[in-house]
Amino acid sequence: MKIYVDADACPAVIKDILFRAAERKQLQLILIANQPLRVPASKFISARTVASGFDVADDEIVRCCAAGDLVITADIPLADEVIAKGGQALSPRGELFTKENIRSRLNIRDFMDTMRASGVQSGGPPPLNQRDRMAFANHLDRILARA
């Protein structure tokens, strides 16, 4: 199993949890972003910078991931593509996207896009809190224990 991170929007505290997990489990952790990233010196952790542009990082993640890999992302369409390839997708808030819940999540996302396009202000998600960090760390531990 490799872990890919949609790193442009991933909070630093979540990256720190992932850095520790990659070292502890000796798994490859690859952060993919549109800008250069600093990562700890490790044979298990690397960062890739892709060109700027709409969905360029997402496309690189989909290209690289394989069945059984884990992708950390809040991007619902990216999660859908990862699941279609047989991978797992986990949000930085600890929500595991699955075949059973991804369609409803896509429908909600599309509905919210339509609302925003019509002028409704949704305000976006709340800031990441301690409960979110714990949910992420606990779900990540369960996934890695099964790997």
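Helix H3 is followed by Gly86, whose phi is positive, near 95 degrees. Welcome to this structure, which is a predicted model.

**Around helix H3**

- H3 covers residues 76-84, and its buried residues include Ile76, Leu78, Ala79, Asp80, Val82 and Ile83.

- Asp58 belongs to helix H2, which spans residues 56-64.
- With a relative accessible area of 9%, Asp58 is buried, because buried means under 20%.
- Setting aside neighbours within four places in sequence, Asp58 is in contact with Asp6, Asp75 and Leu78.

**Where helices H1 and H5 meet**

- The axes of H1 (residues 12-25) and H5 (residues 130-146) come within 11 Å and cross at roughly 25 degrees.
- The two helices are therefore roughly parallel to each other, since angles under 35 degrees count as such.
- The crossing of H1 and H5 is right-handed.
- On the H1 side, the residues that meet H5 are Val13, Ile14, Ile17, Leu18, Ala21, Arg24 and Lys25. On the H5 side, they are Arg133, Phe136, Ala137, Leu140, Asp141, Leu144 and Ala145.
- Sorted by type, the residues of this contact are 10 nonpolar, no polar and 4 charged.

**Leu140, a buried residue of H5**

- Leu140 is found in H5 and is buried, with a relative accessible area of 1%.
- Beyond neighbours within four places in sequence, Leu140 is in contact with Ile17, Leu18, Ala21, Leu70 and Leu90. Among these, Ile17, Leu18 and Ala21 are residues of H1 that take part in its meeting with H5.
- Leu140 and Val120 are 20 residues apart along the chain, and their C-alpha atoms are separated by 35 Å.

**Two loop residues with positive phi**

- Gln26 is not a glycine, yet its phi is positive, near 55 degrees. Gln26 sits in the loop between H1 and strand S2 (28-33) and is exposed, with a relative accessible area of 56%.
- Asp55 is not a glycine either, and its phi is positive at about 65 degrees. Asp55 lies in the loop between strand S3 (45-49) and H2, and at 31% relative accessibility Asp55 counts as partly exposed.

Key: Residues numbered from 1 in each chain as written. Predicted model: local features only at pLDDT ≥ 70, side-chain atom pairs only at ≥ 80, totals over all residues. Heavy atoms only, no water. Axes fitted to C-alpha atoms, helices over the stretch in contact; angles between N-to-C directions. Helix = DSSP H or I, 4+ residues; strand = E, 2+ residues; numbered from the N terminus. Parallel < 35°, antiparallel > 145°, perpendicular 65-115°, else oblique. Left-handed = near helix turned anticlockwise from the far one by under 90°. Contact = heavy atoms within 4.5 Å. Nonpolar A, V, L, I, M, F, W, Y, C, P; charged D, E, K, R; others polar. Buried < 20%, exposed > 50% of the residue type's maximum accessible area, 1.4 Å probe, protein only.
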